[in-house]
Each structure stands twice: as C-alpha cells, then as structure tokens.
Amino acid sequence: MKHSNARRRLLAALAAMGVGTVTGVRAQEGATGSVEATTPCVEVSYLGNLQNGLSNYAARADSADFAFLAPMTALGDGMTLFSEGLGGAARQSYGTFKGRASRREGGGLKVETLEIQAPFTAYEQDGQFYNIVGMAHEQNAPVGYVLMSGATSIGEIVFEKGVFDPNSAIVGLDTPTAALVSEAMLDGPDFKVALAVGGQFYSEIVPTPGSFRKFFDDVLLPAMDTARRRDAETPCVADAGQYDDLNCFLTSACCAVIGLRDSCWELETLRRFRDGWLSRSAEGRADIARYYREAPAVARRLAGSEGGRRELLALYWRYIVPSAVLTRIGANRAAHLLYRRMMLNLLGPVQA
C-alpha cells in the first residue's frame with residue numbers, strides 16, 4: 001500500500017505514541033519476528049574537508065549527491081580567502097561544487113542540480129578583513145562569477161546588489177547554468193570560476209584538468225553501481241549511512257523510518273540550516289564536527305531494533321519537526337538550541 005507523506009507523518013505520530021505500527025515503510029519479517037525497515041542502499045564517503053581537499057558523496061542506485069572540491073586561490077596584493085571552516089584566512093583553499101547527478105540514458109551521468117560554495121574573498125588590512133562582494137555593492141560596482149573555459153568566457157553569474165547576500169558562501173545555479181558548468185568541467189578545455197569586480201579578477205576556483213570527469217567515471221559511477229548491486233542482492237536494513245545526504249545521520253534516519261524521501265522538506269530545510277547559518281560560527285562548527293564523529297554509531301544502534309526505531313519516531317516529533325519549523329521562520333538560534341538539546345540527550349555532555 002502506498003501512502004502520501006502526510007499519511008506517513010500521521011502514522012508515525014500514532015506509532016510514536018504507541019498506537020499501531022508504522023506501515024508507511026517497506027518492511028520484512030525476520031526469523032525472530034522483529035520487523036526491519038529496509039531502504040535503498042547508499043554508498044557514502046564523507047572524509048573530505050577544506051584541509052584535505054577530498055570530495056564527498058552519497059551514491060544510490062540511480063542518483064548521487066556529491067561535493068566536489070577544487071583548488072581556490074586569492075589573486076592580487078592584500079587579497080585572501082576567509083572562512084571560519086579554514087580557521088581564519090589563507091591565500092589558498094578549496095571551492096566546492098555541490099550537486100546531484102543521475103544516470104544518463106545510454107550510460108554515464110548527468111548533473112541535475114549544482115551550487116558553488118566557497119570561502120569569502122577578502123581584502124586584508126591591519127588584521128581586518130573586508131568582503132570584496134560587500135565592498136563592490138557599497139561602491140555600486142558590478143561583481144559576480146565569470147565562467148571561463150580555456151581563455152574564453154562562457155558565462156557569468158551577477159551578484160546583484162539588494163538581491164544577492166554578500167555574506168552568503170553559497171551560490172545556487174539555475175538549470176541552464178548548472179548544465180553549462182558541469183559540461184565545461186566534464187569535457188571542455190581548462191575550466192575556472194573567477195570572482196570579478198569591474199573586470200578585475202580577485203580569486204579563482206580552478207579544478208585540476210580532467211579531475212571532475214575522473215571523479216564521475218572512477219568514483220561516483222562505480223559507487224552507484226555498487227549501490228544498485230546491493231539493492232538487487234540484499235536489501236539494506238535501515239542504517240544511518242543509508243539515509244544520508246552527505247552526513248545528516250540522525251535526521252535522515254528519523255525521516256527514513258517514517259518512509260519519507262531524502263528530499264522531504266524537513267531534511268532539505270535542516271541541510272540548508274547546517275550548511276548556512278550553523279556553519280558560520282565556531283560553536284556551530286564544533287557541534288557539526290561532533291555530530292559527524294558520534295552520531296553514525298547512535299543512529300545505527302537505534303535503527304537496529306524495534307525499540308530504537310520507535311525512539312527515532314519520537315525524535316522526529318520532538319526535535320526534527322520543531323527545528324525545521326524554527327529554521328523556516330528564521331528562528332535559527334532557537335533551532336540551534338533545540339538541536340543541541342537533542343545531541344545532549346543522545347550523545348551526552350562533551351567530554352573534556
């Protein structure tokens with residue numbers, strides 16, 4: 001029987017209160033009589049960061065979320081890259097192309113969505129950092145990304161004053177631009193993204209030639225093939241790593257137990273919160289780091305038993321939904337406090 005997301009949420013609420021069972025997910029009866037929720041298998045790698053430059057992915061049978069890191073350099077005297085994730089300023093770091101890819105008819109992969117996440121490009125003077133995009137807006141100067149294939153400009157993304165937030169580290173690409181960028185990285189001449197003000201370049205993201213194609217052909221596609229083979233051979237039991245869109249372990253596990261897809265509004269909202277507001281503070285990054293380090297084992301433990309799955313349902317209503325709602329209405333600080341309460345209850349206090 002198929003259920004709408006609204007019905008799944010209702011069934012989950014009843015199950016969390018001990019009324020009935022969750023029937024919105026596929027299940028199989030084990031030899032011991034316990035019900036184990038199954039889910040599409042996912043191959044996950046999440047070891048990459050701004051220090052090591054490794055790329056991350058969560059690959060399913062027919063699609064994959066990815067975060068591809070490419071070298072980024074500040075250009076010109078006094079220019080630097082600044083990010084709390086870097087721990088401050090540096091002349092060189094990494095820009096990240098984050099998106100979703102799916103299988104192409106006839107073989108290979110195509111990019112469906114794409115965004116660019118990068119450290120801020122800043123001018124440093126007397127220990128102070130001045131955001132180049134913000135300075136350009138103050139001076140009403142044209143600013144944005146220039147897309148280069150070899151020595152040829154193939155497009156631009158304008159950071160319009162009053163529309164683009166200069167404090168945003170993420171630039172979402174519309175469908176035509178995502179296709180243009182991904183095709184250039186896959187098959188075009190040397191590609192780069194340059195931050196330009198009035199025609200002057202202040203930083204650039206330059207993927208190593210052929211590296212994006214190699215990542216797709218040698219890493220992402222084989223991982224998807226492995227997930228497809230695992231689906232066919234032995235359906236995966238509910239597990240933290242199998243719900244993850246690049247590391248939302250517990251939240252994904254809670255939603256998957258209900259039967260919601262990983263594109264449900266709760267997960268999409270909390271991922272934006274994690275990658276945006278939460279990652280901008282040292283305290284938030286510390287919470288994210290602890291979550292990555294300790295949450296997978298907790299999620300696996302909870303997903304591995306009927307009692308644990310019931311606890312996941314309770315977490316969904318007590319923490320996940322309220323946090324997502326708070327984030328949606330802009331109450332990010334309150335959402336963070338609730339998030340920390342969930343971590344304290346599940347993981348205990350931070351060990352000195």
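Predicted model: local features only at pLDDT ≥ 70, side-chain atom pairs only at ≥ 80, totals over all residues.
Let me begin with the chain as a whole. There are 352 residues, of which 48% count as buried, and the chain is built with nine helices and 17 strands. If we take the contacts between residues with a separation of 6 or more, 64% of them come from residues 24 or more positions apart.

Now to the interior. In soluble globular proteins, nonpolar side chains tend to be buried together. In this model the largest nonpolar core has 45 residues, and those with the most contacts inside it are Phe-66, Phe-97, Tyr-145, Phe-159, Phe-216 and Leu-220. Helix α4, which covers residues 211-233, gives the most to this core, with seven residues. If we pick out Phe-216 and leave aside its neighbours within four places in sequence, we find Phe-216 in contact with several residues, including Phe-66, Ala-101, Leu-109 and Val-111. Apart from this core lies another, of 22 residues, and among them are Phe-273, Leu-278, Leu-315 and Leu-338.

Next, please find strand β6, residues 79-83, where Thr-80 has its place. Is Thr-80 buried or exposed? Its relative accessible area is 4%, and because buried means under 20%, Thr-80 counts as buried. The side chain of Thr-80 reaches the backbone oxygen of Ala-90 at 3.1 Å, and, not counting residues up to four places away in sequence, Thr-80 also touches others, among them Ala-74, Phe-120 and Phe-129. β6 pairs with strand β10, residues 120-125, in the antiparallel sense over four bridges, and Tyr-123 in β10 is the bridge partner of Met-79.

My last stop is Glu-204, in strand β16, which covers residues 200-205. With a relative accessible area of 17%, Glu-204 is also buried, because the cut-off is under 20%. Which side chain makes a polar contact with the side chain of Glu-204? That partner is the side chain of Lys-192, at 3.0 Å. Leaving aside neighbours within four places in sequence, the residues in contact with Glu-204 include Pro-71, Met-72 and Thr-73, as well as Val-193 and Ala-194.

Notes. Residues numbered from 1 in each chain as written. Heavy atoms only, no water. Core = buried A, V, L, I, M, F, W, Y, C linked by side-chain atoms within 4.5 Å. Buried < 20%, exposed > 50% of the residue type's maximum accessible area, 1.4 Å probe, protein only. Helix = DSSP H or I, 4+ residues; strand = E, 2+ residues; numbered from the N terminus. Contact = heavy atoms within 4.5 Å. Polar contact = N/O pair within 3.5 Å; in protein donor to acceptor, adjacent residues only side chain to side chain. Pairing = 2+ DSSP bridges.
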